[in-house]
Amino acid sequence: MTKNDNYYAIIMAGGVGSRFWPLSKASYPKQFHDILGAGETLIERTFGRLSQTVPADNVLVLTNEKYKALVNEQLPKVKDQNIVLEPAMRNTAPCILLAALKIYKNNPDAVMIVAPSDHWIEDEKSFLNNLETGFKACEQDTSEEKLLVTLGIEPTFPHTGYGYIQYTAGDSAVKQVKAFKEKPDYETAKQFLAEGNYSWNAGIFIWSAKAIIEAFEKYLPEMYALFNSGYDALNTDAEAAFIAENYAKAENISIDYGILEKSKNVGVIPATFDWSDLGAWGALYDNLEKDEAENVVVNARCIKKDVRGNLIRSDKGKVVVVEGLEDYIIVDSKDVLVIMPKSKEQDVKLMRAAVAEQFGEDLV
């Protein structure tokens, strides 16, 4: 796929990934780890995927101030001026608007993808084809209220942990979105699948810089006015001071609630590539190759006896011996070892809190 100077990417890399503790810690979150044991961290893999069609100079990374050194180390091709450091946690809308204004100032014809840094995508060719479809649709759009596109994932089972996107049936590659649905209960999710015109909401967005800025001006005018007041400072030495003084004043709201659910022209591309948001250890287990006893082993040199259905992860090359366990998660990090039933993985936050209280915050 050829690169296009009008194509830009925003990689969202500010999250902590707490459900991947003890590997993912506040000081070193999951996007900077090789969770899959694939030889690349998640953010490296995301950058590599996007930079097949987006020039490296056009990739922006949005992250927390304390992760700048990690971004510099793992993504050396990303220029410092393209690393947007958030001085306060304000959800997705403010950082996306700030990045869009930076991009628009640099190139008013820009179209852009907003993508999380920590998702797993197996079929990158299909992903890039969907991305090209979205870019073209946004470039060619002549609507008064400009098109905003999201990539939806075709559901394979009635998942209750994702939001859903309902769309109008038709032959076009970009379907008209009818409604965004909250995470459903199991029966509702089954109904969504039976109806056939629902996608999982993957949080991957495509639009022109002009379109998303105009949407903010219309639907979140106070935030638009706040950040647009510093337009002259963007992409200059004065940018950091403007962000430090003003960023925390922005409303704490997601792009979904703030913009997409209000916009009158949102499209969805029902994508067909294998995808996971890798939200927790169970999702990693589901997406990796298993041995004859349904075990997944990442990095470890493992001796197993009477074990089935386990996820076993350690530092590369460590010898791990397991006997008599079924359906467990075993994760050995530098300073914490966790052994828990897969059915209890939702208790990770409780475990983190207990460890922090008894042994110190530096372990979480």
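**Surface patch, pocket and cavity**

On the surface, Ile303, Val319 and Val321 come together as a nonpolar patch with about 290 Å² of accessible area in total. Such patches are made of residues with over 30% relative accessible area and no salt bridge, like charges being joined within 9 Å and nonpolar side chains (Val, Leu, Ile, Met, Phe, Trp, Tyr) within 5 Å. A salt bridge is a side-chain nitrogen of Lys or Arg within 4 Å of a carboxyl oxygen of Asp or Glu, and accessible areas come from the Shrake-Rupley method with a 1.4 Å probe, where for residues only the protein chains shown count as cover. The model is predicted: local features need pLDDT of at least 70, side-chain atom pairs count only at pLDDT 80 or more, and totals for chains, interfaces and linings use all residues. Residues are numbered from 1 along each chain as its sequence is written, and side-chain values use heavy atoms, with hydrogens and water left out.

Val321 sits in strand 15 (residues 319-323) and counts as exposed because its relative accessibility is 61%. Val298, in strand 12 (residues 296-298), is buried, with a relative accessible area of 3%. Here, buried means under 20% relative accessible area, exposed over 50%, and partly exposed in between (1.4 Å probe, protein chains only). Helices (H or I, at least four residues) and strands (E, at least two) are DSSP runs, numbered from the N terminus.

Of its 16 lining residues, Asp80, Ile83, Glu239, Ala240 and Ile243 are the closest to the centre. Strand 3 (83-86) and helix 8 (239-246) each give two or more residues to this lining, and helix 8 provides the largest share, four residues. By class, the pocket lining has seven nonpolar, three polar and six charged residues.

The structure also holds one cavity of 30 Å³ or more. The largest cavity has a volume of about 50 Å³, and its lining consists of Thr46, Arg49, Ala115, Pro116, His119, Ile121, Phe127 and Ile204. Arg49 lies 249 residues from Val298 in sequence and 22 Å from Val298 in space, C-alpha to C-alpha.

On a 1 Å grid over the protein atoms alone, a cavity is a set of points where a 1.4 Å probe fits but cannot get out, and a pocket is an open set with protein on both sides within 12 Å along at least five of seven lines; lining residues have an atom within 4 Å of a point.

Technical notes: Ala, Val, Leu, Ile, Met, Phe, Trp, Tyr, Cys and Pro count as nonpolar, Asp, Glu, Lys and Arg as charged, and the others, Gly among them, as polar. Grid points are joined across faces, edges and corners, and a volume is the space filled by probe spheres set on the points.
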